[in-house]
Amino acid sequence: MGVGDGSVAASVVTRCVRIEVNCKAIAAVIVGLMLAACGGSVGSVPPTATSSPTSTPTAAPTPSPTPAPNATPTPAPPPPPPPPTATVLKIVRVGAYSYAFSPVMLSIRHGAPLTVTNTTAAPHTMTADGGAFNSGTVSPNSTITMTFSTPGTFPYHCQIHPYMTGTLTVT
Ligand SMILES: [Cu+2]
């Protein structure tokens, strides 16, 4: 009866206490887990980062000396064609009283200068036999320059010394 009721009640209370204990235990476990999960690091040494291993500082790569850009020397531009060197016709003395053109046979491009140098002490001329050209008097130890525009072969002579002859070929 009463006792029975009392024991039943006590049993209920005991169960409740046990449940409460279990609840407290569970709560404690949960709290512990939470602490372990998020509070584990509180107050403790921060975990050393293992993702970035301390690498030995490699020396900065010594920049290899850049070779001077002279590998392919720019080929020098071809030299400009030399100006037409003047063809020289000399008037020389031969023997004691004779003169001559030297060389006797001479070729020159049309338009190119012909330098006539009188190396003697007498005046001379360079006169085409057919009258195509005439240098006029070339004074002693002087030089004149002539050009010829018409190609052809021109025998010439000195008007002062008719025995002085030569042939000029204009190409
Ligand atoms: Cu002459």
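Reader: What pattern does the protein follow, read along the sequence?

Author: The pattern is α-β-β-β-β-β-β-β-β. That comes to one helix and eight strands. Helices (H or I, at least four residues) and strands (E, at least two) are DSSP runs, numbered from the N terminus. This is a predicted model, in which local features need pLDDT of at least 70 and side-chain atom pairs count only at pLDDT 80 or more, while totals for chains, interfaces and linings use all residues. Residues are numbered from 1 along each chain as its sequence is written, and side-chain values use heavy atoms, with hydrogens and water left out.

Reader: What is the mean pLDDT of the protein?

Author: The mean is 77, and 56% of the residues reach 70 or more. pLDDT is the predictor's confidence in each residue, from 0 to 100. Over residues 38-43 it is below 50, and beyond near neighbours in sequence this stretch has two contacts in the model. A contact means heavy atoms within 4.5 Å.

Reader: OK, the metal. Which residues coordinate the copper ion?

Author: His 124 (ND1), Cys 158 (SG), His 161 (ND1) and Met 164 (SD) do, at 1.9 to 2.7 Å. Donors are N, O and S atoms within 2.8 Å of the metal (3.2 Å for Na, K and Ca); water is not among the atoms, so sites may look incomplete.

Reader: How are those donor residues spaced in sequence?

Author: The spacing is H-x33-C-x2-H-x2-M.

Reader: And what angles are there among the four donor atoms?

Author: They run from 88 to 136°, and the site is irregular. Four donors count as tetrahedral if all angles lie between 85 and 135 degrees; four count as square planar and six as octahedral if opposite donors are over 155 degrees apart and all others between 65 and 115; anything else is irregular.

Reader: Is Cys 158 buried or exposed?

Author: Cys 158 is buried, and Met 164 is too. Buried means under 20% relative accessible area, exposed over 50%, and partly exposed in between (1.4 Å probe, protein chains only). Of the 171 residues of the protein, 20% count as buried.

Reader: Switching to strands. What order does the open sheet of four strands have?

Author: The order is β3-β8-β7-β5, with mixed pairing. Two strands pair if DSSP finds at least two bridges between them. β3 (105-108) and β5 (127-128) stand at the edges with a single partner strand each, so one side of each has no neighbour in the sheet.

Reader: How many bridges join β5 to β7?

Author: Two, and these strands run antiparallel; β7 covers residues 152-157. The bridge partner of Thr 127 in β7 is His 157.

Reader: What about β1, which strands do bridges join it to?

Author: Five bridges join β1 (residues 87-94) to β4 (residues 113-118), and that pair runs parallel. Five bridges also join β1 to β2 (residues 98-102), which run antiparallel. Leu 89 has Val 116 in β4 as its bridge partner, and Val 94 stands opposite Ser 98 in β2. The hairpin of β1 and β2 has three residues between the strands, and there Gly 95 takes a positive phi near 75°.

Reader: Which residue other than glycine has a positive phi?

Author: Asn 141 does, with phi near 50°. Asn 141 is placed in the loop between β5 and β6 (142-147), and is exposed, with a relative accessible area of 59%.

Reader: Last one: which peptide bond is cis?

Author: The bond from Ser 102 to Pro 103, with omega near 0°. Pro 103 lies in the loop between β2 and β3. Most peptide bonds are trans.
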